[in-house]
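Biologist: I have a chain to learn about. Let us go through it step by step.

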Amino acid sequence: MTASRTPRPSRGPALGRRSFAALAGTGLVAAGAAACSNEDPLAKESGSSSGGSSDGGGPATGALVIGSQQYYSNEIIAELFAQVLEDSGASVERQYQIGQRDVYMPELESGAIDLLPEYLGNLLQYLDESAATGTADDLAIALGEALPDGLRVLPHAEATDQDSYTTTKDFASQNQLAAIGDLAGVEDLKIAANPEFEERPYGPQGAKSVYDADITVVPVSDSGGPLTLQALLDGTTQLADIYTADPSIAENDLVTLEDPESMILPQNVAPLVSERIDEDAAAAIKTVTDVLTTEELIALNTKSVTDKQDSATIAKAWLTEKGLLGS
Amino acid sequence: MTQLLEALAWIADPTRWSGPGSIPVRLLEHLWYTLLGVGIAALVAIPVGLLVGHTRRGRGPVVALSGAARALPTLGLVTLFGLWLGIGLTAPVLAFVILAIPSLLAGAYSACEAVDPRTVDAARAQGMTEWQILTRVEVPLGLPLLIGGVRLAAVQVVATVMLASYIGNGGLGRFIFLGLNLSDYPQMLGGSILVVALALVIDLALRLVERLTAPRGAART
């Protein structure tokens with residue numbers, strides 16, 4: 001043992017009582033001050049997230065701003081529009097992968113975005129849920145009324161990319177399934193889908209009231225992506241909500257159940273535009289939507305998913321093949 | 001303030017407190033996943049940490065490994081394991097185990113290292129075996145630090161368990177993700193507030209355990 005040293009004072013708690021109280025007090029005051037603010041942090045200030053100006057005039061250079069959803073397929077379609085517009089002489093600014101409707105709709109209304117590829121059914125459902133029934137043409141007409149002033153949809157394409165009740169080939173043949181109605185009476189049905197599918201009118205509530213099928217939703221938050229597909233393929237769920245333009249349906253020999261009652265809203269690709277898109281721009285966009293069918297869209301998506309090409313390359317190749325560039 | 005009040009009103013709504021998707025059910029699921037994550041991690045990390053702390057060897061590689069594990073993003077791990085193991089409980093629990101290991105490891109080896117080496121020497125001189133030294137001297141004296149490690153791991157895991165609902169499981173994350181996707185912000189904020197409250201409760205409870213397990217009569221040099 002070494003010679004005794006003066007005993008050190010005992011090591012109290014690392015944070016003394018007084019300083020702990022001070023810290024807690026500051027924390028409470030800060031939390032209180034933040035909570036007292038009535039500003040809605042979830043309300044989008046115009047232009048704050050997309051970087052566009054808030055005066056509704058778009059970027060100072062006068063370029064058309066093209067946005068896309070946070071969905072690779074939507075970005076490809078947006079890039080198709082972007083390239084035909086550039087080819088027609090307009091200058092274009094791209095802002096892809098923005099997010100959900102409640103993020104980009106205010107941007108469109110304020111003029112920070114000028115063009116975004118939308119889907120008829122989901123857009124109308126977002127704006128006016130009660131009007132969201134009928135064929136694609138019905139929806140297009142209803143959108144004309146439901147959209148706020150300054151926004152309109154251009155003629156929609158034949159291509160659709162909608163929710164589906166998809167199952168494996170084996171399960172379909174075991175239970176003789178061809179349409180959603182054939183699910184009535186099958187027990188223990190689970191569908192892998194986004195959590196909000198539960199609340200959609202074409203979700204389990206719709207399946208019950210229209211087709212008398214009892215289905216439980218197993219929420220997988222990747223929008224019909226690899227985790228959802230995996231859940232279907234390894235048998236954890238019997239059904240999956242995989243979008244109809246997804247190449248994995250064909251790749252994995254999956255069966256999309258038919259929907260004769262049109263419970264699932266048609267989701268044709270429709271360009272949503274602001275007033276800055278004039279006649280010439282609309283005409284350029286129309287050259288794309290006239291030719292875009294669901295098969296074409298699946299082919300475009302396959303290039304992204306399987307060949308891993310980026311949207312610019314895919315768009316250029318497709319537009320060149322269709323002879324839409326160089327007008 | 002209105003958002004906060006709406007979220008609190010959402011929590012207070014009596015219909016939320018009964019039925020299959022209710023708050024108590026999700027709370028219990030959330031706690032269960034936390035227990036699984038921290039428990040399994042403890043089975044792995046605490047013995048290793050005690051070994052490293054007691055023998056004073058291997059600290060370098062262990063610290064480096066646990067530092068690397070801290071850098072792994074849990075959502076990425078959940079997605080990766082989900083693709084390998086399918087949706088269900090195994091994938092997220094594995095990710096939570098990886099999340100919990102660094103803190104538990106650090107708690108275990110610092111528990112051993114915090115004991116005065118002279119005390120350990122004295123115990124060795126008295127003829128105690130290494131195992132006896134570990135269990136009768138180092139662990140009892142270092143227990144608060146060990147519990148501290150468990151506390152840190154538990155709070156981290158409870159805050160991250162919401163990711164389990166990303167691939168089909170329950171827990172409070174159900175409210176958060178559903179609220180987010182439906183733009184139902186009271187639900188989303190309500191779920192978040194519940195997670196925060198749960199984390200605070202667990203933290204305070206384990207702090208109490210820390211204080212209670214401090215060895216009485218331990219000399220403070």
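Biologist: To which strand is β3(A) joined by 5 bridges, and do the two run parallel or antiparallel?

Modeller: This is a predicted model, in which local features need pLDDT of at least 70, side-chain atom pairs count only at pLDDT 80 or more, and totals for chains, interfaces and linings use all residues. Residues are numbered from 1 along each chain as its sequence is written, while chains are lettered from A and ligands numbered from 1 in the order in which they are written. Strands here are DSSP runs (E, at least two residues), and helices are runs of H or I with at least four, numbered from the N terminus; two strands pair if DSSP finds at least two bridges between them. The partner of β3(A) covers residues 269-273, and the two run antiparallel: the strand is β10 of chain A.

Biologist: Which residue of β10(A) is the bridge partner of Leu115(A)?

Modeller: Strand β3 of chain A spans residues 115-119, and Leu115(A) belongs to one of its sides. Its bridge partner in β10(A) is Val273(A).

Biologist: How many residues of strand β3 of chain A are buried?

Modeller: A residue is buried if 20 or more other C-beta atoms lie within 10 Å of its own, exposed if 12 or fewer, and partly exposed in between, with C-beta atoms placed from the backbone. In a regular strand the side chains alternate between the two faces of the sheet. Leu115(A), Pro117(A) and Tyr119(A) are buried on one side, Leu116(A) and Glu118(A) on the other. The count for β3 is 5 of 5.

Biologist: Which are the edge strands of the open sheet of 5 strands?

Modeller: The order is β7-β6-β8-β5-β9 in chain A, with mixed pairing. Strand β6 (189-193) is joined to β7(A) by 5 bridges, and these two run parallel. There, Ile191(A) has Val217(A) as its bridge partner. Each edge strand pairs on one side only: they are β7 (215-219) and β9 (255-256).

Biologist: Which helix gives the most to the side of domain 1 of chain A that touches domain 2?

Modeller: The bounds come from an automatic or database domain assignment: domain 1 is 64-161 + 267-322 and domain 2 is 166-256. Eleven residues of domain 1 are in contact with 5 of domain 2, contact being C-beta atoms, placed from the backbone, within 7 Å. With 6 residues on that side of domain 1, the helix is α11 (294-305).

Biologist: How far apart do the C-alpha centres of the two domains lie?

Modeller: The centres belong to domain 1 and domain 2 of chain A. They lie 27 Å apart.

Terms used: Two residues are in contact if their C-beta atoms, placed from the backbone, lie within 7 Å.
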